[in-house]
Amino acid sequence: MTSDLQAAKAVVHAYLAAMAGADPGNVGTIIEAHAAPGYRWKGMHPFNEQEGAAAVAEAFWSPFLAAFAPVQRRTDLFMAGVNHALEDGTIWVVSMGHLLGLFDRPWLGIPPTRKIAMLRFAEFHRVEDGRIVETALFCDILHLMLQAGLAPLPPQTGAHLVQPGPMTHDGLLLGPQPPAEGVATRDLIRRMVSDIHNVRKFARREDELRQHWAEDMIWWGPAGIGASYTIERYLEQHAGPFRAHLHDRVFHGHLAFVAEGHFAGFFGWPNLSMTNIGGYMGLPASAARGEMRVVDIYRRSGDKLAENWVFIDMLHFLKCQGLDVLERIREVPRT
């Protein structure tokens, strides 16, 4: 299995190396050279689901490269693993970091800054027979809006900043990792998730968190929520408002969950659905159900989770409730 993981990493590494030379005109050809026939792609709203290299290039990559050239991919995490969400034997390669470029032309109605802009991303590639057969690309579009001076939502409870990679600077798992370390990371996350769903197991939420999280944990949350540091502030700035204002939560499971070494990540489509009873992210109540398409990427330190990078398709979540943020910034460019 270790050799299979390394082979899958090599496939994605070659794809990413080729993408470093992509431009709006050739990016579709580059994707096609590395993707399997029937290639499927999932992206944030408004890109959603696409099929085939040409469609992916037209929907996302060509407009993005036209707006941000030249683009650097600044990768903070790179790993691979067998899918423990479906236990189907498939192999996924995961990367995370920022796409950096000069934001010189409008993108999605966001006005250019003519300065450096950094788009947070997490990308999951399923590899089979030497080809990429499926991709999920999550990026923090609200975070980019904040960099461009837009304020499409009420003030967030956490911090807004360009988010670094692992504090340990060891997230690029280019070589094979001890299998036992990946198993330990996977099992810790499974125990943590089980306790989330077993709400009566602990009298206090902080007691629940301390079973699995380091006291100085960092939750690198998406724009609209923001980042939090320490268990106490995580409860105050994210977990508390999440539980208080989002009711009737239903967990739909993940499509992929991989662990390698001290790192792990999963995504769903959607992972969760819920009802906003009012107050969440400063927004009014909505009778419409909201869906959250979420990525969680974790770093384990010893027997505790130390860092958690989170991506949520906020534009989709808000659109489910009747707020089209992209349409709003077109109508009211600066608020």
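Which residue in E13 stands opposite threonine 275? In this predicted model, the residue facing threonine 275 is arginine 289.

- Strands of a sheet pair through backbone hydrogen bonds, and the pairing is either parallel or antiparallel.
- Three strands form an open sheet here, in the order E9-E12-E13, and their pairing is antiparallel.
- Strand E9 (246-251) and strand E13 (289-292) are the edge strands, each pairing on one side only.
- From one strand to the next, the twist averages 25 degrees.
- Strand E12, made of residues 272-276, is joined to E13 by four bridges, and these two strands run antiparallel.

**The helix on the sheet**

- Helix H7, residues 231-245, packs on this sheet and touches E9, E12 and E13.
- The direction of helix H7 makes about 95 degrees with that of E9.

**The cavities**

- Rolling a probe the size of a water molecule over the atoms shows where empty space is left.
- The model has three cavities of 30 Å³ or more.
- The largest cavity has a volume of about 50 Å³.
- Its lining consists of Met44, His45, Cys139, Asp140, Ile141, Leu142, Ile312, Asp313, Met314 and Leu315.
- Sorted by class, the lining of the largest cavity has seven nonpolar residues, one polar residue and two charged residues.
- Two helices, H4 (141-147) and H8 (314-320), each supply at least two residues of this lining.

Notes: Residues numbered from 1 in each chain as written. Predicted model: local features only at pLDDT ≥ 70, side-chain atom pairs only at ≥ 80, totals over all residues. Heavy atoms only, no water. 1 Å grid on protein atoms, 1.4 Å probe; cavity = no way out; pocket = protein on both sides within 12 Å on 5 of 7 lines; lining within 4 Å. Points joined across faces, edges and corners; volume = space filled by probe spheres on them. Nonpolar A, V, L, I, M, F, W, Y, C, P; charged D, E, K, R; others polar. Pairing = 2+ DSSP bridges. Axes fitted to C-alpha atoms, helices over the stretch in contact; angles between N-to-C directions. Contact = heavy atoms within 4.5 Å.
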